[in-house]
Each structure stands twice: as C-alpha cells, then as structure tokens.
Amino acid sequence: MCILDLIWINLSMLAAEYKAVNLGQGFPDFSPPQFITEAFCKAVSGGPPMHQYTRAFGHPALVQSLAKFFSRIVGHDIDPFEDILVTVGAYQALFCAFQALIDEGDEVIIVEPFFDCYQPMVVMAGGKAVYVPLRPKEGTAVLSSGDWVLSAEELASKITPHTKAIVINTPNNPLGKVYKREELQMIADLCIKHDLLCFSDEVYEWLTYDGAKHVKIASLPGMWERTVTIGSGGKTFSATGWKVGWAMGSGHILKYMKTIHQNSIYHCATAAQEAVAQGFEREHELFGTPQSYFQQLPAMLHHRREKLASSLKGVGLQPIMPEGGYFMITDISSIGESVDFKDSDTKDENYDFRFVKWLIKEKGLATIPVSAFYSPEHSKEFDKYIRFCFVKENSTLDAAEEILKKWSQNESSH
Ligand code: PMP
Ligand code: GLN
C-alpha cells in the first residue's frame with residue numbers, strides 16, 4: 001500500500017502544530033449557507049424518527065430529492081429507490097464502488113493526478129491500478145487546467161482483457177480540470193467498445209469558472225448503464241463534516257454496492273440526510289436563478305480564485321488557473337532552488353513534500369504536495385508543483401498573501 005496515504009493526517013497535524021495559515025486540506029473555513037444549517041437544526045429538533053435509523057440505502061426524503069434533482073440533469077428518469085445509494089461521504093461511495101465491482105485480478109485505469117484514496121481502494125478490493133497521466137500540452141505556455149490533456153492513444157493502450165473500469169474526476173482535484181464533452185465522449189467510446197465501467201467522481205460539480213461547463217459522463221449515450229456517479233453533500237453545501245455522499249447509477253450495478261454498504265455501514269446519520277434533502281429541494285426550486293447556492297458559491301469562489309492567483313503572481317509564481325473545483329496548483333521549481341530544507345531526514349522524500357513541510361515549519365503556510373496525487377511510478381515526474389486551496393475566508397487568503405510577500409521581500413534583499 002502507498003505510504004503517501006497519510007498526507008491528510010500528517011500534514012493537517014503539522015499545520016496545526018505550527019499554527020500555519022491553512023490552504024492545505026480542502027474544506028471551507030466559513031459557515032455553510034444559513035438555509036442548510038437551519039435545515040439541520042430543524043431536523044435535529046424534529047420528532048423521534050430524526051434520531052433513529054432510517055432506510056439503509058438512503059433516507060427516503062434524500063433519495064427522492066436527489067432523484068428529482070438529477071433526473072433533469074442526467075436526462076434519465078432516476079429511480080430513487082433503485083438507482084441511488086446514500087453513503088458516509090463520497091469516500092464511502094468510492095469504497096463501495098471498488099469493493100463491490102472490482103474483483104481479484106481486475107485492472108482499474110486511473111487518470112492522474114487523482115484523489116489519493118482511489119489507489120488504496122483498488123488494492124483493498126484485490127485489483128490492480130493502472131495509470132494514465134493528464135499531461136501539460138507541449139509547445140504552449142501552460143496557464144490553465146484545460147491545457148492538461150489526456151491522450152486517447154495512451155488511454156487505449158492501457159486497456160487489456162483484465163480492465164474492468166476507468167476512474168475519472170471532473171472537476172479534478174488537484175488540477176481543477178473540467179473535462180470537455182469531447183474528452184468525455186472519447187472515454188465513453190472506449191468504455192462502450194471494451195465493455196468497461198466508469199466511476200465518475202463529481203464532488204465539485206457545481207464549481208466551474210470562466211464558462212467551463214460540467215458534463216456528466218453518465219448523460220452521454222450508452223453511459224448511464226455503465227457509470228457510477230459519485231457526489232458529496234459536504235462539497236455541495238460547504239459542510240464537509242456532515243459526511244453525506246451518494247452513488248448514482250443503474251440499479252443493476254448499484255445493487256452490488258448496496259450489499260457492501262448494508263454489511264459494513266448500514267446507513268449514515270438520519271438528520272444530516274434530512275438536511276441535505278431539504279437543501280436539494282430548495283436548489284430544485286431555485287435552479288438557474290441567482291438565489292441558487294449552486295450559482296452563489298462558484299460566483300464567490302471565482303473572486304477567491306482571482307485573489308489567490310494574484311497573490312501567487314505577485315511573488316513570481318505562475319498559477320495554473322483551475323476551470324473548476326477549489327484548488328489551484330503552481331510550479332515551484334523557480335523558487336525551490338534557493339530553499340535550504342535543513343531537515344536531512346526528509347531528503348529521500350519527493351521534492352514537493354520536502355518543500356511543503358519546510359513551508360509549514362519555516363513560513364507558517366500549509367499547502368499540499370501535488371505528487372501525492374500521482375502513482376509511485378509517475379510521482380517523481382510531477383514533484384515540482386504544490387496545491388493551494390481557495391475555499392477560504394478573504395482574511396485567510398490575505399494572511400497567506402502576507403506570508404508570501406514577506407518571504408519574497410526577504411529573498412530579494414539577500
Ligand atoms: N473525491 C474527491 C475528488 C475529493 O476531493 C474528496 C474530498 N472531499 C472526496 C471525494 C471525498 O468527499 P467526502 O468528503 O464527501 O467524503
Ligand atoms: N478532499 C479534500 C482535499 O483534497 C480533503 C481530503 C481529506 O481530508 N482526506 O483536500
């Protein structure tokens with residue numbers, strides 16, 4: 001199993017120990033919208049059923065509101081009781097997908113960079129992870145996440161008779177890439193041609209910028225039957241601690257995931273599910289209007305994205321502008337050379353890991369090393385980037401800017 005698994009724990013602990021300004025782990029440091037916290041309070045102060053077990057595969061109110069909401073988007077009549085499984089965050093939806101649908105010896109193609117838990121989850125299911133990296137386009141300045149592309153030939157070359165599934169994440173963590181319809185069509189064509197499943201992690205689906213459009217691969221012809229789409233109430237309503245997630249797909253696939261869920265977790269917190277259901281009811285009514293949180297959150301984050309990008313540019317770091325999500329990566333090779341890491345015990349680690357630890361300890365700023373989102377075979381190739389999270393208060397982003405400015409002034413005075 002990959003030793004990088006502990007990044008969230010280790011780096012969050014280090015950030016707390018050094019009281020660092022935290023642009024590391026991806027969670028909002030501001031309150032969720034009032035309508036959703038009120039819905040939670042109402043649920044908690046509701047009658048006895050809100051405090052007891054509910055339906056194992058998803059609280060009825062939640063599966064019904066998810067089905068109503070997403071049927072319109074996927075263009076398919078989603079059956080609330082067959083086609084949806086509510087889980088303890090998107091994490092558990094992913095876990096159920098791998099456990100239920102990947103058997104001993106199956107190969108799973110993962111597009112890099114990828115959310116780090118996919119790899120251990122494949123291994124725990126007895127499968128083998130096979131990687132295909134998104135690569136920066138050659139010959140052009142790489143300024144946007146859209147400049148990172150997947151080669152159709154390279155992807156096709158990884159498919160063998162053992163391949164069972166392709167895993168994608170759009171908008172992507174950490175890069176912010178939002179797959180275009182043509183890119184998804186290319187992946188869909190391969191899934192259909194080789195009879196593969198697709199696990200599509202779409203936890204940042206509402207967060208797109210500059211006109212980028214999130215497309216659900218499950219909505220492409222022939223894909224509903226073979227796609228498990230994964231979502232997160234925590235990311236959707238800025239309440240990551242609630243841990244309400246879901247998997248959506250054809251009942252003939254979901255039934256295997258339900259077996260895993262039923263025999264491990266059984267169900268997740270009733271009141272939290274009720275609140276997320278109320279949130280989706282509200283969003284269904286306000287869909288496409290300026291009052292919708294799915295418009296307000298990206299509008300707010302658009303500003304934060306600009307603010308962070310300008311702080312980075314101000315100290316000579318070139319951000320790769322994300323088209324979606326709430327992370328931004330930047331190349332650190334230009335500044336890294338002047339850094340004296342001091343810690344001799346970290347010298348075997350990837351460069352970005354050493355840099356991130358140094359940045360926390362010496363400058364009080366927490367970020368995440370991007371090579372953590374790569375397989376061991378490719379991580380050295382991509383260890384000159386770090387990830388900043390911008391789903392933060394303006395004051396947090398200001399504090400980060402101050403640190404960067406001071407550091408850059410010190411550097412230039414030497
Ligand atoms: N997938 C991706 C791409 C993520 O960034 C995260 C982190 N939130 C998850 C899944 C897990 O989501 P949750 O917090 O709902 O378990
Ligand atoms: N998804 C969040 C991130 O990428 C949090 C991950 C975690 O805490 N395990 O930062």
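**View 1. The shell around ligand 2 in a predicted model.** The shell around ligand 2 draws at least three residues from each of domain 1 (3-31 + 292-413) and domain 2 (34-286), with the domain bounds coming from an automatic or database domain assignment. This is a predicted model, in which local features need pLDDT of at least 70 and side-chain atom pairs count only at pLDDT 80 or more, while totals for chains, interfaces and linings use all residues. Residues are numbered from 1 along each chain as its sequence is written, ligands are numbered from 1 in the order in which they are written, and side-chain values use heavy atoms, with hydrogens and water left out. The residues around ligand 2, among them Trp8, Gln25, Gly26, Phe327 and Arg387, have a heavy atom within 4 Å of it. By class, the shell around ligand 2 divides into five nonpolar, three polar and two charged residues (Ala, Val, Leu, Ile, Met, Phe, Trp, Tyr, Cys and Pro count as nonpolar, Asp, Glu, Lys and Arg as charged, and the others, Gly among them, as polar).

**View 2. Atom pairs between ligand 2 and side chains.** One oxygen atom of ligand 2 lies 2.5 Å from a side-chain N or O atom of Gln25, and an oxygen atom of ligand 2 is 2.8 Å from a side-chain N or O atom of Asn173. A nitrogen atom of ligand 2 is 3.5 Å from an N or O atom in the side chain of Lys235. Of the 300 Å² of accessible area that ligand 2 has on its own, the protein covers 87% (Shrake-Rupley method, 1.4 Å probe).

**View 3. The residues around ligand 1.** The shell around ligand 1 includes Gly89, Ala90, Tyr91, Asp201, Val203, Ser232 and Lys243. Helix 4 (residues 89-101) gives the most to this shell, with three residues, a helix being a DSSP run of H or I with at least four residues. By class, the shell around ligand 1 has five nonpolar, four polar and three charged residues.

**View 4. Atom pairs between ligand 1 and the protein.** A backbone N or O atom of Tyr91 lies 3.0 Å from an oxygen atom of ligand 1. In the side chains, an N or O atom of Asn173 is 2.8 Å from an oxygen atom of ligand 1, and an N or O atom of Tyr204 is 2.6 Å from an oxygen atom of ligand 1. The protein covers 93% of the 390 Å² of accessible area that ligand 1 has on its own.

Technical notes:
A polar contact is a pair of N or O atoms within 3.5 Å; within protein, one must be able to donate a hydrogen and the other to accept it, and residues adjacent in sequence count only if both atoms are side-chain atoms. Helices (H or I, at least four residues) and strands (E, at least two) are DSSP runs, numbered from the N terminus.
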